[in-house]
Amino acid sequence: MSAFKRRVPASAHKVLPGVRPSALPPFHPLLSIGVPSFDDVLGGGLPLATSLLVMSPDLHSAWAHLIQKYFIAQGIRSGQDVCLIGEADEIDEILNGCMWVPPEDDNISGRPDSLTDDERDEAASGAVKIAWRYEGMKQFSTTVSHNASSSTCMLAFRLAMDSMLELLRAAGEYCSNFDLTRRIPLSVISEAKKSGQISTVPIDLNEAQAMISSALLAITEACDTHSTRAPKSTDRVLRIAVVIPSLLDVSSLPRLLPLVHNLRYQLRRSSATALITLPPNLCASSSQSSIGSAMIQLSDAVITLASDSLSPSTSHHGIVQLLKLPSLNSLVPPSDKLSTLRGLGQAAKGDGHHRGGGENNLAFRCKRRHFVIETLNLDVEGGVGERRTAPPAAVLLPSAPERSVDQDAEAPSSLVDVHAISKTTPSTSVETSERLASPKKPKAKRRVAFSDAGGIYDF
Amino acid sequence: MALIANSLPVASLAEPGHFLLVNDRIAAPGEFILHHVLAASLKDSTAECVLVSFLERLDHWKAIQSKLGVTLETYATRKSFVFVDAFSQITMPPSSPRSQDPLVVPPIDPEASVPLRPLFDTIVGALRSVDPELPKLLLFDEVSLLEWLVPSQAEVTRFWRALFALKQKMGFGLVVLQSLDASHNHMIEFLLSSCTMHLEISPLASGRSSAVTGEIAMQRGPLSVSDGPSYKAVRKQALQYRLTESGAVWIERGTGGGML
């Protein structure tokens, strides 16, 4: 193992702040979105020179804007340049509403191994004695935690990369530990604006024709200064946050396509990434239409955060749909092999054969301090366990001929076969008189008493 | 004629007059077919290839072709591969400075009388720069973008008709990648009615899997010549594929072809 050290070519991308190389060749540089589980789904982060389109079709929530805030906050924290494009009020609201790190993380820069609040509580109470058989197993987890994500590189690769990681840590954090209860200090915003780290490009919706071309020119200029080839380019990475205005209607979607296409080209020739968010009214109509698919085609990665505020669930806030994953200069997205949340990479391990597994269903949840993407697991009873309500009135216990009347009231712990109810009527006609009491009222309202709360047959 | 084993038969594609239409979906992208066709044509020296790319730069094509074992630079210097860049300038504002390179398509101006004329002229120029004696193959990467850049569908139809006429005149084979999701219905029907071979790539109905990326179906198009060289596959099951770093591995459905 010690003899095996993967050599990273020395010329592989100068060390830029807040940028980490991918774990697979050709070690393309990656940026963090700010959410560790999101980075994992993308394969370690969003590759430089790509764009991510986030759609949130729910009209009553703003998940896409939340991701946008993470993206911007991470850019500021890592010392990268941020350019916001969108309607003036909207981008101000997003910028001022960004989250920030808790004070203890703020002073000590580059300490990604500090525990989050939730993890601290768990660690304190973790003195439970576990049966010896299970001691070696790691804790059940549905998501990738913050400190785990900073070490998702394979171990052998890490041995070779340790020195580089130290350099990266000093230059700027990759993924900060953001806390949703903290807001970004106004001083940080004004400092960043003054130093030119944050630049905004407000779009005026009243100028229908000029709106797109002015945005295009702004993007071109921003990418010119961060171009990979120009001799006078800065040493900083640019994050472009494109917030498509919510006031646009569906008929103006075709006009956005040249903008997105040109953005794609500008990104390719510069060290920049873009996060595009579509407002809910445009997402809802574009999911099936050809214009929506054209937008999806022009972006490198597309993710939908589909939440249903009309029928909320307790275990998650919405489903994550990965419509497209970044595959820069490759036919297969590296996230297939690298993502632990998606669970596809396991198939290639071992003897190299591909076992045909599907990928995990992913859901997202906004906890008190963090936004996480986790695997969606059904409960033990197959997912119905959540809907524990009183049983419908017509459900009866199947009274088998052998059983005595006393046992009817007490529930067997096995599942009730609803279809067996119809079979009881002919069989009980030959029984003794004691048992005739129960079949006499086949439609009687009987409570199905299971050992746990309520019945689980809701349908 | 070849059985589908682990390769797609491309020798017949560059026959003059052939038009292979590849339809893909967002969930099952079909770019790998173009890569296979390009790699096979260049490696076997069956045709000279002109590639028109709307969505990616030359670096992207070079990187993936190198994994398939083809170095595009050597073929480019030999003039058997020409890259027409329809990506960098095409959506710039019409007033922006234009590149002097004849292989870069200038910005499309929707207000112009024939907006797609510059694109057509660039393609003609590229085709004329290769050796006229050898068979030629013109590949298009993702043409659904054209429908959104010009105000009327008639312009796009006009462009395609001009291209088909050019195909008859200059005698080259045509391979077009069109997304079923991102194109308008009547453009899909238009191209389908003019093709000699139709390849449709669809995702699995049950979602993404690590073993199978999608399914592929190939049919003769309406304009195929019955006694011309055609592709026949002897197979009993639907054909599926799995995308790997170096192209696609073909699996017959229900067998363990790609796994064992």
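Over which ring does the charged end of A:Arg77 sit?

**View 1. A:Arg77 sits with its charged end over the ring of A:Trp100.** The distance to the ring centre is 5.7 Å. The model shown here, as in every view, is predicted.

**View 2. A:Arg239 places its charged end over the ring of A:Phe71.** Here the charged end lies 4.9 Å from the ring centre.

**View 3. A:Trp63 and A:Phe364 form an edge-to-face pair.** Over all chains, the structure holds 15 aromatic pairs. In this one, the ring centres are 4.8 Å apart. The planes meet at 70°, over the 60 degrees required, so the pair counts as edge-to-face. The pair links distant parts of the chain, 301 residues apart. A:Trp63 belongs to helix α2 (residues 63-77) of chain A, and A:Phe364 to strand β13 (residues 362-366) of chain A. A:Trp63 has a relative accessible area of 13%, so it is buried. A:Phe364 is also buried, at 0%.

**View 4. The largest nonpolar core holds 81 residues.** A:Ile240, B:Phe54, B:Leu138, B:Phe140 and B:Trp160 touch the most other members. Helix α9 (residues 208-225) of chain A gives the largest share, eight residues.

**View 5. B:Phe140 and its contacts.** Leaving out residues up to four places away in sequence, B:Phe140 touches, among others, B:Leu34, B:Val52, B:Ile123, B:Leu163 and B:Val176.

**View 6. One aromatic cluster in chain B.** It is formed by B:Phe19, B:Phe54, B:Phe120, B:Phe140, B:Phe159, B:Trp160, B:Phe164 and B:Phe190.

Key. Residues are numbered from 1 along each chain as its sequence is written. Chains are lettered from A and ligands numbered from 1 in the order in which they are written. This is a predicted model: local features need pLDDT of at least 70, side-chain atom pairs count only at pLDDT 80 or more; totals for chains, interfaces and linings use all residues. Side-chain values use heavy atoms; hydrogens and water are left out. A nonpolar core is a set of buried Ala, Val, Leu, Ile, Met, Phe, Trp, Tyr and Cys residues joined through side-chain atoms within 4.5 Å. Buried means under 20% relative accessible area, exposed over 50%, partly exposed in between (1.4 Å probe, protein chains only). Helices (H or I, at least four residues) and strands (E, at least two) are DSSP runs, numbered from the N terminus. Contact means heavy atoms within 4.5 Å. Rings of Phe, Tyr and Trp (its six-membered ring) pair if their centres lie within 6.5 Å; planes under 30 degrees apart count as stacked, over 60 as edge-to-face and the rest as tilted. A charge sits over a ring if NZ of Lys or CZ of Arg is within 6 Å of the ring centre and within 35 degrees of the ring normal.
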